[in-house]
Amino acid sequence: MNAQILTYWDWLLAPFYLLAIYVIASYIKNRKINDNSIYKFFLWGLFAKIFGSICVCLIYVYYYNEGGDTLSYHKDGIAMVNLLFYSPLDFFKVMFSPFQKEYLSYFTNETGFLEYWRNPQAFNTDRFVTLLELIGMKSYLVSSVLMAVLSFTGIWKLYFTFCECYPKLYKQFAISILFIPSVVFWGSGLLKDSLTLAAAGWYVYSFYRVFISRHKMTSNIITIVISILVMIMIKPYIFIGLLPGSILWMTWNRLLKIKNLMFRILVAPIIAGGGILIGTLLWMTTSSNLGEYTDMDSIVKKAHISYSDLKMDYYHGNSFDIGDYDPTLSGMLSKFPQAVNAGLFRPYIWEAKNPVMVVSGLENLIFLSLTLFFLIRRPVSFITSLFTNPLVLFSIIFGVFFAFSVAISTSNFGAMVRLRIPAIPFFLSGIILIEYLSREKEQNKKKIN
């Protein structure tokens, strides 16, 4: 049944879109590369994402016989596009207002029916997918490719930000941000993850420009607002994870610019208080839209329910267990080491039970080996870099705590590998930065001696 989703129409139409994308992307690369050498990875990064989106299509159509989210988003998007041509007024009601049950009567056998109308966050994803289906002429393959392009804009901005801070590491950051297989795969198809990964990348890019480099303030403030709204509409916990780390990044950056140690100590509470105030205002402004994530008790209960549900037998043994915990904050924190380990480094290669998990297992083995190598080699540098470099602080804190939050609320490997992808670029880039800063410090000492 799923095989009918990819038709001759998809394969005939896709080359024309790919050619158009290539022409536009080549123009951007050629216009920018003389001023910024990182653009040598622009086409490679873009087409890695496109390749990932095509792989998602093929695997969900031909391998996962039970279907999946991406196919449901495609079907919902087609139903919405059909509604546009059958009844434009009804389409705009459904598209741009909170969904009401009476809207279901607008959908018929001719338009197709919605699958995700009960889930506000999934239906918000439908809204974005609808625009892509409209541009992609209702082709699943083309719409997936367009989603990959949209997602790439955010991941490129994230890469651009790290490279702007440390230009010498542009090759290493290309690996950690643009070319990690799990991020390329799960962050490229018609999925929530593709949209939220893009929003997270744009958020970091614009946050850096507003609060660190102070560049094009108005446009970047608007981008921050849009990025936050997209994350809140689809996956609020990503914004909740980014907010503390980004506030620390901003406040720590301000503190380290103060050369006089005594003055830095005196000013620290004021700067820290300002950062907390900004974070609190952002939280208060958005809290009414965070649903189940409005307070800590709600977050803890949501995580525990999800964790328990994903351990059920109907997940065919593809689950893992970090041990039961009480649905309290202290209960969650008691599982911090196990959850962080699972969130960053599992499934281990011997825990993989299908081809997709084998790829994840190999990837995780490399992550774990690199992390242990750097930690064992330079344990003191890890700590000092964490507290003397604001970007390292932000990257490691977000990566670790996001991995923890995913693993503590997810006991299914398939779900965890997909949900954790925002953490991976940050954590690996942070590890790369620690190694670079440590090596640079050693070289400076040798020059002095």
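## Backbone geometry

Pro 347 is placed in the loop between α15 (336-345) and α16 (355-377), where helices (H or I, at least four residues) and strands (E, at least two) are DSSP runs numbered from the N terminus. The peptide bond that joins Arg 346 to Pro 347 is cis, with omega near 10°. A further backbone feature is found at Met 137, which has a positive phi of about 55° although it is not a glycine. Met 137 belongs to the loop between α5 and α6.

The model is predicted, so local features need pLDDT of at least 70 and side-chain atom pairs count only at pLDDT 80 or more, while totals for chains, interfaces and linings use all residues. Residues are numbered from 1 along each chain as its sequence is written, and side-chain values use heavy atoms, with hydrogens and water left out.

## Packing of α5 and α6

Helix α5 (residues 120-135) packs on helix α6 (residues 140-165) at an angle of about 120°, and their axes are 8 Å apart. Axes are lines fitted to C-alpha atoms, for helices over the stretch in contact, and angles run from 0 to 180 degrees between N-to-C directions. The two helices α5 and α6 are therefore oblique to each other (angles under 35 degrees count as roughly parallel, over 145 as roughly antiparallel, 65 to 115 as roughly perpendicular and the rest as oblique).

On the α5 side the contact (heavy atoms within 4.5 Å) involves Val 129, Leu 132, Glu 133 and Ile 135, which meet Ser 143, Leu 146 and Met 147 in α6. By class, this contact of α5 with α6 has five nonpolar, one polar and one charged residues (Ala, Val, Leu, Ile, Met, Phe, Trp, Tyr, Cys and Pro count as nonpolar, Asp, Glu, Lys and Arg as charged, and the others, Gly among them, as polar).

## Packing around α11

The axes of α9 and helix α11 (residues 236-256) cross at roughly 20° and come within 11 Å. That makes α9 roughly parallel to α11. Residues of α9 in this contact include Tyr 203, Phe 207 and Phe 211, and those of α11 include Leu 242, Trp 249 and Asn 253. The contact of α9 with α11 comprises 13 nonpolar, three polar and one charged residues.

Thr 388, in helix α17 (residues 379-388), is 135 residues from Asn 253 in sequence and 9.1 Å from Asn 253 in space, C-alpha to C-alpha. Apart from neighbours within four places in sequence, Thr 388 is in contact with Trp 252 and Leu 256.

## Pocket and cavity

The second largest pocket holds about 420 Å³ of space. Among its 21 lining residues, the closest to its centre are Ile 28, Lys 32, Tyr 39, Phe 42 and Trp 156. The largest share of this lining, seven residues, comes from α1. By class, the lining of the second largest pocket has 14 nonpolar, two polar and five charged residues.

On a 1 Å grid over the protein atoms alone, a cavity is a set of points where a 1.4 Å probe fits but cannot get out, and a pocket is an open set with protein on both sides within 12 Å along at least five of seven lines; lining residues have an atom within 4 Å of a point. Grid points are joined across faces, edges and corners, and a volume is the space filled by probe spheres set on the points. The largest cavity has a volume of about 30 Å³, and Leu 158, Leu 197, Ala 200, Gly 201, Pro 422 and Phe 426 line it. Helix α9 gives the most to the lining of the largest cavity, with three residues.
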